[in-house]
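These are my notebook entries on one model. I record what I looked up, in the order in which I looked.

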Amino acid sequence: MAAARIAALRLGVCLLLLLLLLLPPAWASSPGAVPIAITCLTRGLDIRKEKADVLCPGGCSLEEFSVFGNVVYASVSSICGAAVHRGVISTSGGPVRIYSLPGRENYSSVEANGIQSQMLSRWSTSFTVTEGKSAAQEVTGQAVSTARPSTGKRQKKTPDKKAGNTDCKADIAFMIDGSFNIGQRRFNLQKNFIGKVALMLGIGTEGPHVGIVQASEHPKIEFYLKNFTSAKDVVLAIKEVGFRGGNSNTGKALKYTAEKFFTPETGMRKGLPKVVVVFIDGWPSDDVEEAGIVAREFGVNVFVVSVNKPIPEELGMVKDVAFIDKMVCRNTDFFTYNMPNWFSTTKYVKPLVQKLCTHEQMLCSKTCYNSVNIAFLIDGSSSVGESNFQLELQFAANIVKMFEVSDIGTKIAAVQFTYDQRIEFNFNDYNVKENILEVISNIRYMSGGTATGEAIAFTMRSVFGPVRDSPNKNFLVVVTDGQSYDDVLGPAAAAQDAGITIFSVGVAWAPLDDLKDMASKPKEEHSFFTKEFTGLEALIPDVIRGICGDFVASQQ
């Protein structure tokens, strides 16, 4: 009996030893002991653990990293990018420990260690990073190859970023309805529909870029054009957008979007159509007419997707029954789109995408800010004086600042005149606004007599002549402080007959009759006067408004 027990005990010991041999060492099961080898682009949401040790490769370029936040990062951020941003590792790579955290609102934008992190209004999960543990890596001699098991097949190398649909290059803001009109349930259906549109658009580095603005009591930019350049990330970001509630202040949100959303800092690309797709469930609570005007002035092509349009019995509650016509770029069927409700909307995705990719019909892309030629004819006579001449230059510079100067956009030229004329720079000399402003600031004062008529004729021949075939509308801004020694009516009429719109700006002793003789019709809208050179600054908005008004009228 005792022998049998001893034999059984020996068998048990042998089985236990065998089991211990088959189990990995204790250090192998400790969290983070064997770092998981990841890529430069692996995001926090790709690591589904509360705590994990990862190994970032060396040689990642800072431009590859997409990082949202500071210290606490949205889980859509690159892990290695966040580690470099926080100073845990350098671009040479190394071990990193990642800790999962709850989601939050308002991830901040901070520049650190060569990386400018981006703002993000909200994300459902977060993470932070600390220095990783490398002892286990030294014991094993290697790290786990990837987070995915090997299939035994050679992995195809995929590009880091996809170019996207290059036939649909546009910068698009989806202005979603987050008001009490739509409610939480239909708000989620709206997000699903926009996600499908985003997938079909073909978002990519060289294709369309999109962002989201939520319209409710107060507008809120959920994410910008620059934040995501893949459809997958955009769809994830759309899902993260939370319902805000409040009144349907669509006009307020549209004006805010037109003025604030499309900037180089937020990812706007020069020369591409700017588009806002406004989703309205029901009708707006506020006035939209001014917002529509502002959007058109800023070159934004506004589309309206209306859902659950007001029925005849509800029209009495609608502030302006023509709200759609007043928002869209043009009052045509192209810029309007109607869906009866938010159910079974898949069939509406493709037709909307086709509209958004038909750029030849984006009529609002050409604006007074990006499609004009403006020449300044600046009085350099002796009566002006050096200090007042600088105020003239500042007047011209401040007007230039408002326009989108580029090789395919607005062009600027300047001529100084006394009895003689001097071209300071021509329309095709500079295509960068900053360069033009620098040249204007360095113009040297001539001093002499005043021959304004001859200066207008000279400018028409020598400055506007070479661009007579330009698609841009031509404007001449004449600034003078005194009586011209020659006739101004004849040369001004000839310039206007050649398609040049003239604004005359008089100071001090400039005769009102001369100003009106030079100005285009209606005279009172194209001629301005101030007693002092310091008053020029106050005339800038009037001149800009006049240029834009004339441009819009010429496009009708």
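**Entry 1: positive phi**

I looked up V71 and found that it counts as partly exposed, because its relative accessibility is 33%; in these notes buried means under 20% relative accessible area, exposed over 50%, and partly exposed in between (1.4 Å probe, protein chains only). V71 sits in the loop between β3 (69-70) and β4 (72-74), where helices (H or I, at least four residues) and strands (E, at least two) are DSSP runs numbered from the N terminus. Its phi is near 70 degrees, a positive value in a residue other than glycine.

I note the basis of the entries here: the model is predicted, local features need pLDDT of at least 70, side-chain atom pairs count only at pLDDT 80 or more, and totals for chains, interfaces and linings use all residues. Residues are numbered from 1 along each chain as its sequence is written, and side-chain values use heavy atoms, with hydrogens and water left out.

I then turned to A508, which is not a glycine but has a positive phi of about 60 degrees. A508 lies in the loop between β19 (500-507) and α14. With a relative accessible area of 25%, A508 is partly exposed.

**Entry 2: a cis peptide bond**

I checked omega and found a cis peptide bond joining K521 and P522, with omega about -10 degrees. P522 belongs to the loop between α14 (512-518) and α15 (523-526).

**Entry 3: helix pairs**

I examined α6 (residues 250-260) against α7 (residues 289-297): they pack at an angle of about 15 degrees, with their axes 8 Å apart. I take axes as lines fitted to C-alpha atoms, for helices over the stretch in contact, with angles from 0 to 180 degrees between N-to-C directions. That angle makes α6 roughly parallel to α7; angles under 35 degrees count as roughly parallel, over 145 as roughly antiparallel, 65 to 115 as roughly perpendicular and the rest as oblique. The crossing of α6 and α7 is left-handed, meaning that the near helix is turned anticlockwise from the far one by less than a right angle. G251, L254, K255, A258 and E259 of α6 make the contact with E290, A291, G292, V294 and A295 of α7, contact being heavy atoms within 4.5 Å. By class, I record 5 nonpolar, 2 polar and 3 charged residues for the contact of α6 with α7; Ala, Val, Leu, Ile, Met, Phe, Trp, Tyr, Cys and Pro count as nonpolar, Asp, Glu, Lys and Arg as charged, and the others, Gly among them, as polar.

I next took α12 (residues 452-464) and α13 (residues 489-497), whose axes come within 8 Å and cross at roughly 25 degrees. Thus α12 is roughly parallel to α13. Their crossing is left-handed. G453, I456, A457 and M460 of α12 meet P491, A492, A494 and A495 of α13. The residues of this contact divide into 7 nonpolar, 1 polar and no charged.

**Entry 4: the interior**

Which residues have the most contacts inside the largest nonpolar core? I found F174, F193 and L201, in a core of 77 residues; such a core is a set of buried Ala, Val, Leu, Ile, Met, Phe, Trp, Tyr and Cys residues joined through side-chain atoms within 4.5 Å. Apart from it lies another core, of 40 residues, among them I374, I412, L536 and L539.

Q190 is buried, with a relative accessible area of 0%. Not counting residues up to four places away in sequence, Q190 touches I176, D177, I182, F279 and W342.
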